[in-house]
Amino acid sequence: MSYLLSILLRRTILLSIASSAPAKRWSPWQSLEFAGGQQVPRHRKTSPVMANMVEDSQDDRLSKLPDDVLLNIVERLGIVDVARTTVLSRRWKQIPAILSKVVILAGSFEPKHEDWSKLTPDDIVRANTTVLEATRSILERRAGSLYPIHLLRMQFYLGDESILIGQTVANAIATQKVDSAEFTILTKVRKKCTKNELLIYGKQFMSFFDSCPNAFGGLARLTLENLRLGESGFPKIFSICKQLEFLSLYECDMGIKSLLEVEHPQLSELVIVCGRFERVDLKWVPKLTKLKFNVFRSRDDPFCLGYVPLLQTVSIINVAFTWHKMLKLSELLGNSAISNLSLDFKSEKIWVKPEGRRQLLPVFHKLRIVNWINIAEECDLTWTMFLLHGAPNLKELHILVRNHQCEMITGKRRELPVVCKEKDKGLEWEPSASDFKHHNLAELGIYGRFHAADKLVRFARDVVEAAVNLENIRLYKSPVCVRCKHMLKEWTFEETSWLSYEFSKEIPSHVRIHFPSLGQVF
């Protein structure tokens, strides 16, 4: 019902604004000034019907809704449309002052390009300036409001306007009740920054950070990109951002082969993507529950777990080159007892070394969910069974087998000496007991193209023979990414009939084969 009402509301807003638009260029933030009692710009002549809609909107059905329902609907709109609601009636004028969610994103004010790299410097300056205007109009108008802000989410570019945005947010945090505040700070060059650009952005960020310590001190979530900081940079961030619960770093470091030491009392989720850290040492992070590592260049273990008693979910994504070592999960995750593990090999060389039950049991005795992602189609799958042996309480096992052309190394780059030619080298593994049985596995999901089903059938057979209580196997077509989403196709009757026959030759009849719809773009 709320979704339908939000559509109706948006249509009413756009019709009203379109019919009463000023003759000169108009900014939605002017409506907020009007809401404060200042003069309204002269409007073009409107039709009697539209004039009545605006003048009598306090009597329309939407305006008669209870405050909590109306607020729920308005908060589903973008910030620009929220600002525009203030011209509809006197009651709507008060909406910005009672919002519980304030989300102001630079992306909302950028020209609509399919490729973000086409944005010009002028586009970015205009977007940042509008973010500043919106931040001031929304937050400064709330001064003295009795309504708390449950979520304050800001996205903006690192630039001259950053300090003013930060100071406005700091003032709001100091004078109003803000339950959760978050910054996503973008750089003008988003991908493939040069060393010099990383250093420049790093200095810009620290200048901004030093100018707005109160804003950063009140943040619960922080997302950064493309920063090369000095040795004191990250320690200062962890020291000032005492409320931080989520931190995401994309291409951020302190130089090639630098060491990042993390000590933080509140941090519960850490995401590190790329960067040139030799190792991340999680020395003391007592509330950490989720850790994600995406692409690491280290020749040794990419991270070291210290005091992380609540760690539950670990996700590691990497393209293995010749210099990468085979990781032993019993050593890498040795000081934890996680419940959810995802390993993504990007359709390249497998970088995990199979281990025995004795080594894995202390680490994986609480493991419930395992995702093997993007295993190359040419790789044998027998080795994956080692984890089943080492995780006696495993409930769900999912495996995606594909050669994902959008991510794997192709063309002449495959001839480079650092690229591994044998993707399953070093995966020799023998089960510790030939009569091994697993009693807790309840769900097996297999994702793939299934054009050569024999390998996947054998894998399913091995799992079923070990997992004595497994009753269902779900087969999914290979998922797609944004770049190859045009290839997403659902199962045909012929495909499901053929695969049902192939699997039935190896799988006992009590195990049911399902063909669910993929239903999403990965």
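**Confidence**

This is a predicted model, in which local features need pLDDT of at least 70 and side-chain atom pairs count only at pLDDT 80 or more, whereas totals for chains, interfaces and linings use all residues. Residues are numbered from 1 along each chain as its sequence is written, and side-chain values use heavy atoms, with hydrogens and water left out.

Colour the chain by pLDDT (the predictor's confidence in each residue, from 0 to 100). The chain average is 85, and 83% of the residues score at least 70. Select residues 20-26, where pLDDT stays under 50 and the model has 15 contacts (heavy atoms within 4.5 Å) beyond four places in sequence. Next select residues 33-59: pLDDT is below 50 here as well, and the stretch has 40 contacts beyond near neighbours in sequence. Where pLDDT is low, the predicted coordinates should not be read in detail.

**The largest pocket**

Select N294, V295, I317, K346 and E407, which lie nearest the centre of the largest pocket among its 47 lining residues. A pocket is an open set of points on a 1 Å grid over the protein atoms alone, with protein on both sides within 12 Å along at least five of seven lines; a cavity is a set where a 1.4 Å probe fits but cannot get out; lining residues have an atom within 4 Å of a point. The volume of the largest pocket is about 1,600 Å³, volume being the space filled by probe spheres set on points joined across faces, edges and corners.

Strands (DSSP runs of E, at least two residues; helices are runs of H or I, at least four; both are numbered from the N terminus) contribute to this lining. β13 (369-375) gives the largest share, four residues. Elements supplying at least two residues each include β4 (221-228), β9 (290-294) and β14. The lining comprises 25 nonpolar, nine polar and 13 charged residues, where Ala, Val, Leu, Ile, Met, Phe, Trp, Tyr, Cys and Pro count as nonpolar, Asp, Glu, Lys and Arg as charged, and the others, Gly among them, as polar.

**H398**

Move to H398 in strand β14 (residues 396-401). H398 is buried at 13% relative accessible area (buried is under 20%, exposed over 50%, partly exposed in between, with a 1.4 Å probe and protein chains only). Display its contacts beyond four places in sequence: V370, N371, W372, E443, G445 and Y447.

**The second largest pocket**

Select R449, S478, P479, V480 and M487, the closest to the centre of the second largest pocket among its 21 lining residues. Its volume is about 440 Å³, and helix α17 (residues 493-504) provides the largest share of the lining, three residues.

The structure holds two cavities of 30 Å³ or more. Strand β8 (residues 277-284) supplies the largest share, three residues.

Stay on C274, in the loop between β7 (269-273) and β8. Its phi is near 60°, a positive value in a residue other than glycine. C274 counts as buried, at 17% relative accessibility.

**K257**

Finish at K257, in the loop between β5 and β6 (258-263). Phi of K257 is also near 60°, but K257 counts as exposed because its relative accessibility is 57%.
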